Every structure is written in structure tokens, then in C-alpha cells.
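Thanks, everyone, for making the time.

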Amino acid sequence: MIQPITGTENIEQVIAKGDVILGFSAPWCGYCRRLRPMVEKLSEEISQPIYGLNCDVDEEITKRYEVETIPTLIYFHDGQPKDRIIGYGTVGYPQLKEFIEKNSK
């Protein structure tokens with residue numbers, strides 16, 4: 001399940017330790033709506049928590065991590081961004097799974 005999250009303090013707290021995926025999206029974004037079911041399915045298969053952030057609400061965090069295109073998933077390890085994938089166009093479930101597997105090593 002993608003866990004909704006908001007607020008700089010809350011976000012900093014969840015990414016601080018371990019492996020966490022933070023998804024940046026917006027309700028009006030068609031690519032975000034297309035990708036969401038795939039991310040939901042993936043969230044049931046992996047141990048890393050996935051948090052969903054609305055870019056329109058949390059603009060400060062969006063700018064801090066230089067997210068210019070949505071949907072974007074950032075893989076964090078111990079508070080530091082390790083990798084990112086921009087989920088539009090040709091990104092589907094296989095690419096998302098590969099992204100997680102590559103970064104969880």
C-alpha cells in the first residue's frame with residue numbers, strides 16, 4: 001500500500017533510517033494515475049515502505065529533491081537519495097520492479 005504523507009518533518013522522519021521509497025505525484029497528473037496501480041501492486045511484494053507525496057502540497061520537499069517531472073519515485077537509504085525513476089511513457093511494472101531490486105542490494 002502506498003502510504004500518503006505530508007509535512008516536511010514527517011517526511012524527514014520516515015526517510016531517516018533504512019530503505020524507503022518516496023513517490024512524488026499530483027492528483028491532476030495522468031501519468032501518475034496510470035502508474036499508481038503498478039506501484040500499489042509492487043508495494044505488496046516488497047519490504048520497503050512506499051510513501052506518496054502530493055507535489056502541490058509539499059512544494060518545499062519537491063524542490064529540495066529537485067523533482068521536475070512527475071511521477072517520480074526516489075529510493076532513499078538512511079536519509080540519502082540513492083536513485084530515482086521518472087514514471088512516464090515507457091515505465092511499467094517490470095521497470096519499477098527492476099528499480100527496486102537494483103537499489104535494495
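Let me begin with Gln48, which counts as buried because its relative accessibility is 10%, and the cut-off for buried is under 20%. Please keep in mind throughout that this is a predicted model. Gln48 sits in the loop between α2, residues 30-43, and β3. What does the side chain of Gln48 make a polar contact with? Its partner is the side chain of Tyr75, at 3.1 Å. Leaving aside neighbours within four places in sequence, Gln48 is also in contact with Asp19, Ile21, Ile100 and Ser104.

Ile50 and Ile2 are 48 residues apart in sequence, yet their C-alpha atoms are 5.2 Å apart in space. Not counting residues up to four places away in sequence, Ile50 touches Met1, Ile2, Gln3, Ile21, Val39 and Ser43.

Now to the cores. The largest nonpolar core has 18 residues, and those with the most contacts inside it are Leu22, Phe24, Tyr65 and Ile70. Two or more residues come from each of α1 (8-15), β2 (19-25), β3 and β4 (72-77), with β2 giving the most, namely 3 residues. Leu22, beyond its neighbours up to four places away in sequence, touches residues including Ile5, Ile11, Tyr51, Leu53, Ile74 and Phe76. Apart from this core lies another, of 16 residues, among them Leu35, Leu42, Tyr93 and Ile100.

Note on methods
Residues numbered from 1 in each chain as written. Predicted model: local features only at pLDDT ≥ 70, side-chain atom pairs only at ≥ 80, totals over all residues. Heavy atoms only, no water. Contact = heavy atoms within 4.5 Å. Core = buried A, V, L, I, M, F, W, Y, C linked by side-chain atoms within 4.5 Å. Buried < 20%, exposed > 50% of the residue type's maximum accessible area, 1.4 Å probe, protein only. Helix = DSSP H or I, 4+ residues; strand = E, 2+ residues; numbered from the N terminus. Polar contact = N/O pair within 3.5 Å; in protein donor to acceptor, adjacent residues only side chain to side chain.
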